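Subject: Structure for you to look through

Dear colleague,

I am handing over the structure below, and I would be glad if you kept it open beside this message while you read.

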Amino acid sequence: MSLKLNCDLGESFGSWKMGMDDAVMPHIDQANIACGFHAGDPLVLQKTLTLAKTHDVTVGAHPGYPDLVGFGRRSMNATPAEIKAMMHYQMAAVDGMAAIQGLELSYVKPHGALYNDMMKDSNVRRAIMEAVASYHKPVVLMLQGTPEAETHRAEAAEFGLTLWFEAFADRCYDDDGKLLARTREGAVHSRDKMLAQVKQLKESGTVTSVSGHTLNLHADTLCVHGDNLEGVQAIAEIRALINGEAS
């Protein structure tokens, strides 16, 4: 399986610092950049785009619910029209700031609760698909690769929308192919388990669920996190695995 690496970046805000963007960017292919609703601010966005340009990293928008206090991790009862408007607003922010530096917005990956709601609620998912498809230029939508991937692909086809399916390096999978809830023990992998999961996914296109079942999982891109030094070191090891430079 050929995999790209993506990471959520640009999530600092004012004097509040989040992540180690400078250390992460050299190792990844795709930067999911916060748009100011759940995190980020204009200066942080500008600097993150400059960093992406320096390392030739593909630019993506990372829109969320308007919830700075909750870091976008709390669901909101938004209407489809509100979801489409907030998506366009945030996409346009990244797109416009990117254009100033000669960069292109290539894809969108919703953040936090908006991402989770997209995966479990067809109404939210269709509103997001419609928003991305109706943008003024072609943009790809990134969403989680699950056993329902073909259903999601068919939904996207109704809008003429291209999808990139995402897997997670450091998260344990439940038996249904969804991510194991963070409230359950073992939801976040240790370093060794994370590297083993990446190797398995790369070699066989499968992951092992929490109960030991082997799950087929199509993925175009792999989400990694680098908000601490250990995480950044793990990203470098994952990069080597993806490139076939490690055993």
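E150 is exposed, since its relative accessible area is 54%, and in this predicted model its side chain meets that of R153 in a salt bridge, with 3.5 Å from N to O. R153 itself has a relative accessibility of 35% and therefore counts as partly exposed. Because the two residues are three places apart in helix α6, R153 and E150 are separated by about one helical turn.

Helix α6, which covers residues 149-158, also holds E155, and this residue forms a salt bridge with R125 in which the closest N and O atoms are 2.7 Å apart. Here the partners come from distant parts of the chain, as E155 sits in helix α6 and R125 in helix α5, 30 residues apart. Are these two partners buried or exposed? E155 counts as buried because its relative accessibility is 11%, and R125 counts as buried because its value is 6%; the reasoning in both cases is that buried means under 20%.

A further salt bridge joins the side chains of D95 and K137, at 2.8 Å from N to O. D95 belongs to helix α3, while K137 lies in the loop between α5 (122-133) and β5 (140-144), so this pair ties together parts that are 42 residues apart in sequence. D95 has a relative accessible area of 7%, which means that it is buried. As a general point, side chains of opposite charge can pair when their charged atoms come close. In total the count comes to 15 salt bridges, and D8, K109 and E166 are linked in a network of such bridges.

Next come the aromatic rings. How many aromatic pairs does the structure hold? There are four aromatic pairs, and one of them is formed by W16 and F71, whose ring centres are 6.0 Å apart and whose planes are at 65°, an edge-to-face arrangement. W16 is found in the loop between β1 (4-9) and α1 (21-24), and F71 in the loop between β3 (58-62) and α3 (80-100), so the pair ties together parts that are 55 residues apart in sequence. With a relative accessibility of 42%, W16 counts as partly exposed, whereas F71, at 11%, counts as buried.

The rings of Y107 and W164 have centres 5.4 Å apart and planes at 50°, so this pair is tilted; the step from angle to name rests on the rule that planes under 30 degrees apart are stacked, those over 60 are edge-to-face, and the rest are tilted. Y107 lies in strand β4 (residues 105-108) and W164 in strand β6 (residues 163-168), so that this pair ties together parts 57 residues apart in sequence. Y107 has a relative accessible area of 0% and is therefore buried, while W164, with 24%, is partly exposed.

The largest nonpolar core has 70 residues, and the members that touch the most other members are I28, M87, M91, I128, V132, L222 and I238.

With best wishes

Notes: Residues are numbered from 1 along each chain as its sequence is written. This is a predicted model: local features need pLDDT of at least 70, side-chain atom pairs count only at pLDDT 80 or more; totals for chains, interfaces and linings use all residues. Side-chain values use heavy atoms; hydrogens and water are left out. Rings of Phe, Tyr and Trp (its six-membered ring) pair if their centres lie within 6.5 Å; planes under 30 degrees apart count as stacked, over 60 as edge-to-face and the rest as tilted. Helices (H or I, at least four residues) and strands (E, at least two) are DSSP runs, numbered from the N terminus. Buried means under 20% relative accessible area, exposed over 50%, partly exposed in between (1.4 Å probe, protein chains only). A salt bridge is a side-chain nitrogen of Lys or Arg within 4 Å of a carboxyl oxygen of Asp or Glu. A nonpolar core is a set of buried Ala, Val, Leu, Ile, Met, Phe, Trp, Tyr and Cys residues joined through side-chain atoms within 4.5 Å.
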